[in-house]
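This report sets out the sheet architecture, the chain contact and selected side-chain pairs of the structure shown below.

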Amino acid sequence: MALFDVSGYKSHSELRGQILGTGVGHLIDRPNQQFAVPVGVDPSGFLKSCSREGGVSIDLNHGTTTLAFKFRHGVIVAVDSRASAGSYIASKEANKVIEINPYLLGTMSGSAADCQYWERLLAKECRLYKLRNKQRISVSAASKLLCNMMLGYRGMGLSMGSMIIGWDNKGPGLYYVDDNATRLSGHMFSTGCGSSYAYGVVDSGYREDMTVEEAYELGRRGITHATHRDAYSGGVVNLCTMQEDGWIKVCKEDVSELIHRYRKGMF
Amino acid sequence: MSYDRAITVFSPDGHLFQVDYAQEAVKKGSTAVGVRGKNVVVLGVEKKSVAKLQDDRTVRKICSLDNHVFMAFAGLTADARIIVNRARVECQSHRLTVEDPATVEYITRYISSIKQRYTQSNGRRPFGISSLIVGFDFDGTPHLYQTDPSGTYHAWKANAIGRSAKTVREFLEKNYKEEDMESDTDTIKLAIRALLEVVQSGGKNIELAIMKRDESMKILVQEEIEEYVTAIETEKEKAEKQKKKTLTLFD
């Protein structure tokens, strides 16, 4: 790689290799080395200077609401579709669910660019895994790959809060992965600045033995109420469900119509 | 012009002579045999005679790579040590990244890639070992793979490597019966019988390791091997007597 040679970056990458392990074999395509951070650029230092005291404050907020929860018949995934740049609504129909393959989904919250890039890279790795090992990648391995990618750029200002949802031979899988390389397995997660509102709704309405229709309703309500109160969420609810034979797209409904359904007395 | 100086050079008729010579080194190593049964996998090696003062427990030709995979090799012991170390690290690395134990095929593929890399780098020579890798995947299927210095690998039902590998393989081809593989004892007996063909002085010079599904590798002690050998010899005598009887009938 020309930039790699010119920048004289080798020593840092060798150190990184020592810490994170070189020769990882077939599992990672070494995505870390696709970005040679040139000499003299210090992302973490730059970011520190952007927070509050330093002067200019660049507030990286995660304008979104996404949620996912497991229940008896699979996993429900619901996301909003507003893309905001500060107080400007850049898109009301952004797609925040990436279809990695017919049995793996990823949600996006945080910086749209980071989410899209890294999750598409994850999709490439999952495809390579299947070709090399003749077996689908497990949800835990896919989330681990994404988490390790984040670890390579920890502290450098990536912003991504995502959930990896899938069904493998261990059953339904739901993992939360974020830009700090946190990786958690769980039964219910919600991310983004509207997540608190969504948690309130889903936590109070959740029952493990819900029917499929009740679960769809719960997912829709969670997002709708969050978009009602959070300025940075809105647009439509994109609802998908993950079942044993893969995911299906359930519906795409405008929240301004849904909110009337749920809050009859309000308007 | 000799074409075996630098490994990276093909000869005019398409040979990589260094790889061929590595396979000759393998043929000098002591025999190893592997058999894949339905519920048990077996690896047997010919124990090389040790000097009087040498502690023979330090010479182990059967190495475990993980809880569910182990291997035996034939050829240069020092080369094998390097391969085994790298394979052990890769098994753990796989567990860490994928959160599942590596399949036998995966670790075989990894070992073969290392071997192939050394046939295509300048300044390096190929590894002088062939290995037999056995184990169970986490879904319970047993596997036996063989790798060689060129970096190719194949799956086998039963195979042998090292000195007199050809004789042992012919014996296995003649005596391998699919139904016998259902029984653990018969699988183990087949491996021992195959080794007895080429090993001098019987059971004393055989080292055997078995692994049953969901259990860890077990290296049989000398007494257990002697039991099997005695059982085999009694069966052999019985078969001889049967043959003699039928012969005399049709005199």
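The sections below treat the sheets of each chain, the interface and the salt bridges in turn.

## Basis of the description

The structure is a predicted model. Local features are described where pLDDT is at least 70, and side-chain atom pairs count only at pLDDT 80 or more.

## The five-stranded sheet of chain A

Chain A contains an open sheet of 5 strands in the order S10-S1-S2-S11-S12, paired in antiparallel fashion. From one strand to the next, the twist averages 15°.

Within this sheet, strand S2 (residues 74-79) and strand S11 (residues 236-243) of chain A run antiparallel and are joined by 5 bridges. One pairing places A:Val79 with A:Asn238 in S11(A) as its bridge partner.

Two helices of chain A pack on the sheet. Helix H7 (residues 212-229) of chain A touches strand S1 (66-71), S2, S11 and S12 of chain A, and the direction of H7 makes about 155° with that of S1(A). Helix H8 (residues 255-262) of chain A touches S11 and S12 of chain A, with a direction at about 80° to that of S12(A).

## A hairpin in chain A

Strand S3 (residues 83-85) and strand S4 (residues 88-91) of chain A run antiparallel and share 3 bridges. In this pairing, A:Ala83 has A:Ser91 in S4(A) as its bridge partner.

S3(A) and S4(A) form a hairpin, with 2 residues between the strands. A:Gly86 lies in the turn and has a positive phi of about 70°.

## The five-stranded sheet of chain B

Chain B also holds an open sheet of 5 strands, with the order S3-S4-S5-S6-S7 and antiparallel pairing. Strand S3 (62-66) and strand S7 (153-155) of chain B are the edge strands, each pairing on one side only. The twist in this sheet averages 25° from one strand to the next.

S3(B) is joined by 4 bridges to strand S4 (residues 69-75) of chain B, and the two run antiparallel. Across this pairing, B:Ile62 stands opposite B:Ala72 in S4(B). Helix H2 (residues 77-98) of chain B packs on the sheet, where H2 touches S3, S4 and strand S5 (129-136) of chain B; the direction of H2 makes about 20° with that of S3(B).

## The interface of chains A and B

The contact between the chains draws 17 residues from chain A and 12 residues from chain B. The size of an interface is often expressed as the accessible area lost when the parts come together. Here, the area buried between chain A and chain B is about 1,200 Å², and carbon and sulfur atoms give 46% of that area.

Across the interface there are 3 salt bridges and 6 residue pairs in polar contact. Helix H4 (112-133) and helix H5 (139-152) of chain A each supply at least two residues of the side of chain A that touches chain B. H5(A) provides the largest share of that side, with 5 residues. By residue class, the side of chain A that touches chain B divides into 6 nonpolar, 7 polar and 4 charged residues.

## Salt bridges

Side chains of opposite charge can pair when their charged atoms come close. Over all chains, the whole structure has 23 salt bridges. One pair links the two chains: A:Arg183 and B:Glu99 form a salt bridge in which the closest N and O atoms are 3.0 Å apart.

Within chain A, the side chains of A:Arg72 and A:Glu208 meet in a salt bridge with an N to O distance of 3.6 Å. A:Arg72 lies in the loop between S1 and S2 of chain A, while A:Glu208 lies in the loop between helix H6 (195-205) and H7 of chain A, so the pair ties together parts that are 136 residues apart in sequence.

Definitions and conventions: Residues are numbered from 1 along each chain as its sequence is written. Chains are lettered from A and ligands numbered from 1 in the order in which they are written. Side-chain values use heavy atoms; hydrogens and water are left out. Two strands pair if DSSP finds at least two bridges between them. Axes are lines fitted to C-alpha atoms, for helices over the stretch in contact, and angles run from 0 to 180 degrees between N-to-C directions. Contact means heavy atoms within 4.5 Å. Buried area is the accessible area (1.4 Å probe) that two parts lose on being put together, summed over both. A salt bridge is a side-chain nitrogen of Lys or Arg within 4 Å of a carboxyl oxygen of Asp or Glu. A polar contact is a pair of N or O atoms within 3.5 Å; within protein, one must be able to donate a hydrogen and the other to accept it, and residues adjacent in sequence count only if both atoms are side-chain atoms. Ala, Val, Leu, Ile, Met, Phe, Trp, Tyr, Cys and Pro count as nonpolar, Asp, Glu, Lys and Arg as charged, and the others, Gly among them, as polar.
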